[in-house]
Amino acid sequence: MIFIRIVSLPILLLSFAVTFVSCDHDKDASQMAAQAPATAAPTDAPLPKLSLPADSGPPPAIDSARAMQYVKEIVAFGPRPIGSANHKKVEDYILAHLKGDEVAFDAFTADTVEGRFPVRNIIAKYPGTKDGIIVIASHYDTNYPLRDTTFVGANDGASTSALLLEFANQIRGKKLDGYSIWLLWTDAEEAVKEWSDSDSLYGTRHLATQWQQDGTAKKIKAFLLTDMIGDADLDIDRDSNSTPWLESVVYEAATRLGYQSHFFARVNALSDDHLPFMKLGIPSADIIDIDYGYNNVFHHTPQDTVDKLSPKSLEIAGCTVLEAVNILDKMDPLPPK
Ligand code: ZN
């Protein structure tokens, strides 16, 4: 991974530093540019100002202690790289928490430079009253090259997989007044050898193609990706590879909850599971903190353990995502795709 500080400038009353850094993902800036969508030269342009509904309803809540318990339980399975027995156990664990919910799968075999692996995206669907879908996603696999280490991805994969389970608890059985919500546990996000266009995002690249072919993509109003947001020192990036207006909504959601100081003090260009959906024109936002430990030192190391996380961070990120959904539900019309 390289980390280049380009310039810093004031935007949105904050001081933004523009940096280029790869999310997961150990690749250099030129690779990143090649992977980014057509318009995605990292930009420090101010986020668009939107006319947003003043009232987004009562503020959301989650049980962050329960979410943290899920993190611990997922991590307790050990490393869960694709193709492993632990991976299967975590699939079963997720499904056990979705009993009675409408669950769909996108299962296939991925051809990789390390061989062929079964891949399974898991989608839990909760119907709303408005026509359209908001997807909230997290990957659940752990980094394959670290498969023979003690790497358990407490932050990188487990924190957000757990958060989605808690979202399911909050949504389940309620009449959703807005769009349908689909919770998506993506698989094989990680590279098996070295991050590149062809060695990464196996699950979401396949799913995006499926959703394009079966017409689902047209119905998706927003794709909210969560990644690495359990860090006790939470500083979520503004991602210039995400849809600017949706980033504005996320920032507004954080502001309404009083959490804005944890958001968007840096601008990065991130390569993550949102890119295959961005390429289809689906408004997408990667909600990620890519500064995990000083200089991101815990990322993709066996030091990515539960003691670095906090329930408060899960709450900040989780409630912000749900508040963003509340705002989106009341935005009529949404900005054009
Ligand atoms: Zn990772």
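**Questions on the fold**

Author: Lys174 lies in the loop between H4 and S6. The model is a predicted one.

Reader: Is Lys174 buried or exposed?
Author: The C-alpha atom of Lys174 is separated by 9.4 Å from that of Gly128, 46 residues apart along the chain. Lys174 has 9 C-beta neighbours inside 10 Å, so its class is exposed.

Reader: How many helices and strands does the protein have, and what percentage of its residues count as buried?
Author: The secondary structure comes to nine helices and ten strands. Of the 337 residues of the protein, the share that counts as buried is 50%.

Reader: Among contacts between residues at least 6 apart in sequence, what percentage join residues at least 24 apart?
Author: Contacts here are taken between residues whose C-beta atoms lie within 7 Å. Among those in the protein between residues at least 6 apart in sequence, the share joining residues at least 24 apart is 80%.

Reader: Which strands stand at the edges of the six-stranded open sheet?
Author: The six strands of this open sheet follow the order S3-S4-S6-S5-S7-S10, with mixed pairing. Two of the strands each have a single partner strand, so one side of each is left without a neighbour in the sheet; these edge strands are S3 (102-112) and S10.

Reader: Which residue of S6 is the bridge partner of Ala124?
Author: Strand S4 (residues 115-126) and strand S6 (residues 176-186) run antiparallel and are joined by five bridges. In S6, the bridge partner of Ala124 is Leu183.

Reader: Which strands does helix H3 touch where it packs on the sheet?
Author: The direction of helix H3 (residues 85-96) makes about 10° with that of S4. Packed on the sheet, H3 touches S3, S4 and S6.

Reader: Which residue of S10 is the bridge partner of Leu225?
Author: Strand S7 (residues 220-227) pairs with S10 in the parallel sense, over five bridges. In S10, the partner of Leu225 is Asp286.

Reader: How many residues of strand S10 are buried?
Author: Both faces of S10 are covered: Ser284, Asp286 and Ile288 are buried on one side, and Ala285 and Ile287 on the other. Strand S10 (residues 284-288) is largely enclosed by the rest of the structure, because its buried residues number five of the five.

Reader: What covers the buried residues of H7?
Author: The 13 residues of helix H7 (residues 244-256) should span 18 Å at 1.5 Å a residue, which agrees with the 18 Å between its end C-alpha atoms. Its buried residues include Leu246, Val249, Val250 and Tyr251. The cover over the buried residues of H7 includes S7, S8, S9, S10 and H9.

Reader: How many of the 20 residues of H9 are buried?
Author: Helix H9 (residues 311-330) should span 28 Å at 1.5 Å a residue, and its end C-alpha atoms are 29 Å apart, which agrees. H9 is largely enclosed by the rest of the structure, because its buried residues number 17 of the 20.

Reader: How many other C-beta atoms lie within 10 Å of that of Ser313?
Author: Ser313 is found in helix H9. Not counting residues up to four places away in sequence, Ser313 touches Ile229, Gly230, Asp231, Ala232 and Leu234. Ser313 is buried, and its count of other C-beta atoms within 10 Å is 26.

Reader: Are H2 and H9 roughly parallel or roughly perpendicular to each other?
Author: Ser64, Ala65, Ala67 and Met68 in H2 meet Pro311, Lys312, Leu314, Glu315 and Gly318 in H9. The two helices pack with their axes 8 Å apart, at an angle of about 110°. Their orientation is therefore roughly perpendicular.

Reader: At what angle do H2 and H4 pack, and how is that arrangement classed?
Author: Helix H2 (residues 64-76) and helix H4 (residues 154-171) have axes 8 Å apart and pack at an angle of about 130°. That makes the class of H2 relative to H4 oblique.

Note on methods
Residues are numbered from 1 along each chain as its sequence is written. This is a predicted model: local features need pLDDT of at least 70, side-chain atom pairs count only at pLDDT 80 or more; totals for chains, interfaces and linings use all residues. Helices (H or I, at least four residues) and strands (E, at least two) are DSSP runs, numbered from the N terminus. The expected span of a helix is 1.5 Å times one less than its number of residues. A residue is buried if 20 or more other C-beta atoms lie within 10 Å of its own, exposed if 12 or fewer, and partly exposed in between; C-beta atoms are placed from the backbone. Two strands pair if DSSP finds at least two bridges between them. Two residues are in contact if their C-beta atoms, placed from the backbone, lie within 7 Å. Axes are lines fitted to C-alpha atoms, for helices over the stretch in contact, and angles run from 0 to 180 degrees between N-to-C directions. Angles under 35 degrees count as roughly parallel, over 145 as roughly antiparallel, 65 to 115 as roughly perpendicular and the rest as oblique.
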